[in-house]
Amino acid sequence: GGNFERLIFTCLQGIEEAYDPGYHNESLVDKDVASFYQMGTGKFGTDEAGLFKLLCTRPSEHLKKVNQAYADKYDVTLFKVMDDELGGQLRDATLFLVGMKIKPYETVAKLIKKACQGIGTNE
């Protein structure tokens with residue numbers, strides 16, 4: 001659907017900000033936690049475009065802090081929010097994006113394991 005293409009297009013724009021501790025500070029973490037909540041769990045219907053923009057533009061260092069702050073405040077991670085709010089290929093792609101930003105090694109390891117299982121080398 002259109003949202004899957006929107007996610008891919010947003011990622012392909014290569015608009016991730018360079019991490020700047022002066023800008024990506026505690027205040028922006030709090031603001032992004034509020035934004036993620038308002039665009040997802042906190043409203044009827046999900047603002048996918050807004051979620052994708054935040055996920056694609058914010059650097060990993062910042063998103064890790066946002067994920068932790070979100071979990072501290074709402075007792076749920078961004079992974080769980082995306083899992084609950086989105087479906088199908090869009091959910092899979094978004095979870096992969098979040099994973100690559102927040103837990104890249106685990107995300108790639110899962111991908112390799114899944115790929116190996118798919119070719120009959122289930123060990």
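Biologist: Which residues does D32 touch, not counting residues up to four places away in sequence?

Modeller: Contact means heavy atoms within 4.5 Å. By that rule D32 touches L54, R58, H62 and V66, once residues up to four places away in sequence are set aside. This is a predicted model: local features need pLDDT of at least 70, side-chain atom pairs count only at pLDDT 80 or more, and totals for chains, interfaces and linings use all residues. Residues are numbered from 1 along each chain as its sequence is written, and side-chain values use heavy atoms, with hydrogens and water left out.

Biologist: Where is D32 placed, and is D32 buried or exposed?

Modeller: A helix is a DSSP run (H or I, at least four residues), numbered from the N terminus. D32 has its place in helix 2, residues 26-39. For accessibility, buried means under 20% relative accessible area, exposed over 50%, and partly exposed in between, with a 1.4 Å probe and protein chains only. D32 has a relative accessible area of 2%, so D32 is buried.

Biologist: What is the relative accessible area of F36, and which residues is F36 in contact with, leaving aside its neighbours within four places in sequence?

Modeller: F36 also lies in helix 2. Its relative accessible area is 1%, so F36 is buried. Leaving aside neighbours within four places in sequence, F36 is in contact with T41, L51, L54, L55, L63, V66, Y70, L78 and M82. F36 and T57 are 21 residues apart in sequence and 13 Å apart in space, C-alpha to C-alpha.

Biologist: At what angle do helix 1 and helix 6 pack?

Modeller: Axes are lines fitted to C-alpha atoms, for helices over the stretch in contact, and angles run from 0 to 180 degrees between N-to-C directions. Helix 1 (residues 2-12) packs with helix 6 at about 25°, and their axes are 9 Å apart. Helix 1 is therefore roughly parallel to helix 6; angles under 35 degrees count as roughly parallel. The contact is made by N3, F4, L7 and C11 of helix 1 with Q89, L90, A93, T94 and L97 of helix 6. By class, those residues are 6 nonpolar, 3 polar and no charged.

Biologist: How do helix 3 and helix 6 cross?

Modeller: The axes of helix 3 (residues 48-57) and helix 6 (residues 88-102) come within 10 Å and cross at roughly 25°. Helix 3 and helix 6 are therefore roughly parallel to each other. On helix 3 the contact is made by E48, F52, L55 and C56, and on helix 6 by L90, T94, L97, V98 and K101. This contact has 6 nonpolar, 1 polar and 2 charged residues.

Biologist: How many disulfides does a search of the whole structure find?

Modeller: A disulfide is a pair of cysteine sulfur atoms within 2.5 Å. The search of the whole structure finds 0 disulfides. The closest cysteine sulfur to that of C56 is in C11, 3.1 Å away, which is too far for a bond.

Biologist: Are C56 and C116 buried, partly exposed or exposed?

Modeller: C56 is buried, with a relative accessible area of 7%. C116 is partly exposed, at 31% relative accessible area.

Conventions:
Helix = DSSP H or I, 4+ residues; strand = E, 2+ residues; numbered from the N terminus. Parallel < 35°, antiparallel > 145°, perpendicular 65-115°, else oblique. Nonpolar A, V, L, I, M, F, W, Y, C, P; charged D, E, K, R; others polar.
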